[in-house]
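Me: I have a structure open and would like to talk through how it packs. Could we start with the core and then go on to the helices?

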Amino acid sequence: MPAAPRKPVRRANPPAPRTPATKPGLTKRHPGWKTFLTLLEKKVNFRKMRNGNMTWTCDGKLTFTRQILRTRFPGVSIEKTVKYLQDRGGYCDCEVLMNVDPR
Ligand SMILES: [Zn+2]
């Protein structure tokens, strides 16, 4: 019995990516910028100690920044954002708050 004719394999056009291949970085012009800063502030948690000195949580890297970008901003490029922040003096989480967008 002859083999059933093979169905032609449909070559669909590759699906359009849901996010563009080149994701933008998170910048001050991004609508989520303020949200990002608010989330980062909660993590870094600047606070005054009993002796009046300020203290906060920072491991000297962009750990919280990367974490927030990964979980809350899937549409932005982490690497581009890191570069943007570092260009403005934000080499760690607390520096982003103090140098990149000081209030
Ligand atoms: Zn820091």
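Me: Which residues have the most contacts inside the largest nonpolar core?
Reply: This is a predicted model, and in it the largest nonpolar core has 17 residues, with Leu40 and Val44 having the most contacts inside it.

Me: And which helices each supply at least two residues of this core?
Reply: Helix H1, helix H2 (63-72) and helix H4 each supply at least two residues of the core, and H4 gives the most, with 4 residues. As general background, nonpolar side chains in soluble globular proteins tend to be buried together.

Me: What is Val44 in contact with, leaving aside its neighbours within four places in sequence?
Reply: Once those sequence neighbours are left aside, Val44 is in contact with Trp56, Thr57, Cys58 and Phe64, and also with Asp93, Cys94 and Leu97.

Me: How do the axes of H1 and H4 cross?
Reply: The axes of H1 (residues 33-44) and H4 (residues 93-100) come within 9 Å and cross at roughly 125°, and the two helices are therefore oblique to each other. The crossing in which H1 passes H4 is left-handed.

Me: Which residues make that contact?
Reply: On the H1 side the contact is made by Leu37, Leu40, Glu41, Lys43 and Val44, and on the H4 side by Asp93, Cys94, Val96 and Leu97. Divided by class, this contact of H1 with H4 has 6 nonpolar and 3 charged residues, with no polar ones.

Me: Switching to H2 and H3, at roughly what angle do their axes cross?
Reply: The axes of H2 and H3 cross at roughly 140° and come within 10 Å, which makes H2 oblique to H3. The handedness of this crossing is right-handed.

Me: What makes the contact there, and how do its residues divide by class?
Reply: H2 contributes Thr65, Arg66, Leu69 and Arg70, while H3 contributes Ile78, Thr81 and Leu85. The residues of this contact divide into 3 nonpolar, 2 polar and 2 charged.

Me: Is Leu69 buried or exposed?
Reply: Leu69, which is found in helix H2, is buried, because 24 other C-beta atoms lie within 10 Å and the cut-off for a buried residue is 20 or more.

Me: What does Leu69 touch, not counting residues up to four places away in sequence?
Reply: With those residues not counted, Leu69 touches Leu26, Val76, Ile78 and Thr81. For the pair Leu69 and Thr81, the separation is 12 residues in sequence and 8.7 Å in space, C-alpha to C-alpha.

Me: Moving to the loops, where is Gly90, and is it buried or exposed?
Reply: Gly90 is in the loop between helix H3 (78-87) and H4, and it counts as buried, with 22 C-beta neighbours inside 10 Å. Not counting residues up to four places away in sequence, Gly90 touches Leu85, Glu95, Val96, Asn99 and Val100.

Me: How far apart are Gly90 and Thr35?
Reply: Gly90 and Thr35 are 17 Å apart in space, C-alpha to C-alpha, and 55 residues apart in sequence.

Me: One last thing, what is the phi of Asn45?
Reply: Asn45 has a positive phi of about 55°, although it is not a glycine. Most residues other than glycine have a negative phi.

Me: Where is Asn45 placed?
Reply: Asn45 is in the loop between H1 and strand E1 (47-48), and with 13 C-beta neighbours inside 10 Å it counts as partly exposed.

Technical notes: Residues are numbered from 1 along each chain as its sequence is written. This is a predicted model: local features need pLDDT of at least 70, side-chain atom pairs count only at pLDDT 80 or more; totals for chains, interfaces and linings use all residues. Axes are lines fitted to C-alpha atoms, for helices over the stretch in contact, and angles run from 0 to 180 degrees between N-to-C directions. Angles under 35 degrees count as roughly parallel, over 145 as roughly antiparallel, 65 to 115 as roughly perpendicular and the rest as oblique. A crossing is left-handed if the near helix is turned anticlockwise from the far one by less than a right angle, and right-handed if clockwise. Two residues are in contact if their C-beta atoms, placed from the backbone, lie within 7 Å. Ala, Val, Leu, Ile, Met, Phe, Trp, Tyr, Cys and Pro count as nonpolar, Asp, Glu, Lys and Arg as charged, and the others, Gly among them, as polar. A nonpolar core is a set of buried Ala, Val, Leu, Ile, Met, Phe, Trp, Tyr and Cys residues joined through C-beta atoms within 7 Å. A residue is buried if 20 or more other C-beta atoms lie within 10 Å of its own, exposed if 12 or fewer, and partly exposed in between; C-beta atoms are placed from the backbone.
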